[in-house]
Amino acid sequence: NKSGINKLALNETARKIRLCQFMLIVMDINDYYERIHSKIIDLVYGENRCMILVINKIDSYKNYPKEAIIKKIYELNPQVKNLPIHFISALKKQGLTNLAKGIISQFSIWQKKISTSLLNSWLEEVIKEKAPPLRNGKLLKLKYIVQINVAPPKFNIFSNYPSSIPEHYKKYLINRLKKRFEMNGLPLKVIFKKTPNPYGKN
């Protein structure tokens, strides 16, 4: 049946995702909204892979609602908001030059290394705008941030009480980090760690 076939396809897709760094997720303009595409996008995102979304067969329409399609994809897949979406016709060879440029640009962002001073200036600004909430009467402090890896971009944020930082504030920080450094909807790894302190004080 169809669900069984989809499950097999997803299992095979998951295996292939783990073997690569960059994924082009190509969707037919006539069925880009189907759940199977969202599941694949979620798999790629969950594996922290670099990706671009591609809508194919634009030649089948004289006019197609580009902005409406982009909006719908972001609504269905909010985790990849701002991820580049390219519209092409493989048959007519339309949009392929822009797609090639987009791939180079996205892979460059994926490998971007951000200086520690720039990251900590950003963290200071973000905390001033919206301080971490109190947690069980504890004053949460975000001490500093460092980038420890690229492809995928990986960051450590050090805090006095990392386990007490609420999920909504973590998401806020990650979204602001993506926006400030133009990560284009790519998945980031952000780990909240205990501040090393030889004196045992917070």
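**Tyr32 counts as buried, with a relative accessibility of 13%.** This is a predicted model: local features need pLDDT of at least 70, side-chain atom pairs count only at pLDDT 80 or more, and totals for chains, interfaces and linings use all residues. Residues are numbered from 1 along each chain as its sequence is written, and side-chain values use heavy atoms, with hydrogens and water left out. Buried means under 20% relative accessible area, exposed means over 50%, and partly exposed lies in between (1.4 Å probe, protein chains only). Tyr33 is partly exposed, at 45%. Now look at the rings. Rings of Phe, Tyr and Trp (its six-membered ring) pair if their centres lie within 6.5 Å; planes under 30 degrees apart are stacked, over 60 edge-to-face, and the rest tilted. That rule gives six aromatic pairs. One of them joins Tyr32 and Tyr33, edge-to-face, with 5.3 Å between centres and 80° between planes.

**Two charged side chains sit over aromatic rings: Lys130 over Tyr172 and Arg180 over Phe181.** A charge sits over a ring if NZ of Lys or CZ of Arg is within 6 Å of the ring centre and within 35 degrees of the ring normal. The charged end of Lys130 is 4.6 Å from the centre of the Tyr172 ring. Arg180 lies over the face of Phe181, with 4.7 Å to the ring centre.

**Ser159 belongs to strand β5, which covers residues 154-159.** Helices (H or I, at least four residues) and strands (E, at least two) are DSSP runs, numbered from the N terminus. Ser159 is buried, with 0% relative accessibility. Its polar contacts come next. A polar contact is a pair of N or O atoms within 3.5 Å; within protein, one must be able to donate a hydrogen and the other to accept it, and residues adjacent in sequence count only if both atoms are side-chain atoms. A polar atom of the Ser159 side chain lies 2.9 Å from the backbone oxygen of Lys141. The Ser159 side chain also reaches the backbone nitrogen of Tyr161, at 3.2 Å. Contact means heavy atoms within 4.5 Å. Leaving out residues up to four places away in sequence, Ser159 touches Lys141, Leu142, Lys143, Ile165, Lys193, Lys194 and Thr195.

**Gln147 is part of strand β4.** Gln147 is buried, with a relative accessible area of 5%. Its side chain meets two backbone oxygens. A polar atom of the Gln147 side chain is 3.0 Å from the backbone oxygen of Lys112. The backbone oxygen of Asn149 is also 3.0 Å from a polar atom of that side chain. Beyond four places in sequence, the residues that Gln147 touches include Lys112, Ile114, Leu119 and Phe155.

**Helix α6 runs over residues 167-180.** Its 14 residues reach 20 Å from first C-alpha to last, close to the 20 Å expected at 1.5 Å a residue. The expected span is 1.5 Å times one less than the number of residues. The buried residues of α6 are Tyr169, Lys170, Tyr172, Leu173, Leu177 and Lys178. These buried residues pack against α2 (35-46), α5 (116-129), β4 (142-149), β5 and β6 (189-194). Just after α6, Glu182 takes a positive phi of about 50°.

**Helix α2 has twelve residues.** From first C-alpha to last, α2 reaches 16 Å, close to the 16 Å expected at 1.5 Å a residue. Its buried residues are Ile36, His37, Ser38, Ile40, Ile41, Val44 and Tyr45. Just after α2, Asn48 takes a positive phi of about 55°.

**The structure holds zero disulfides.** A disulfide is a pair of cysteine sulfur atoms within 2.5 Å. Cys50 is in no disulfide either, and its nearest cysteine sulfur is that of Cys20. Cys50 is buried, at 0%, whereas Cys20 is partly exposed, at 23%.

**The whole protein chain has six helices and six strands.** Along the sequence they follow the pattern α-β-α-β-α-β-α-α-β-β-α-β. The C-alpha atoms fill a box of roughly 65 × 40 × 30 Å along the principal axes. Of the 202 residues, 42% are buried.
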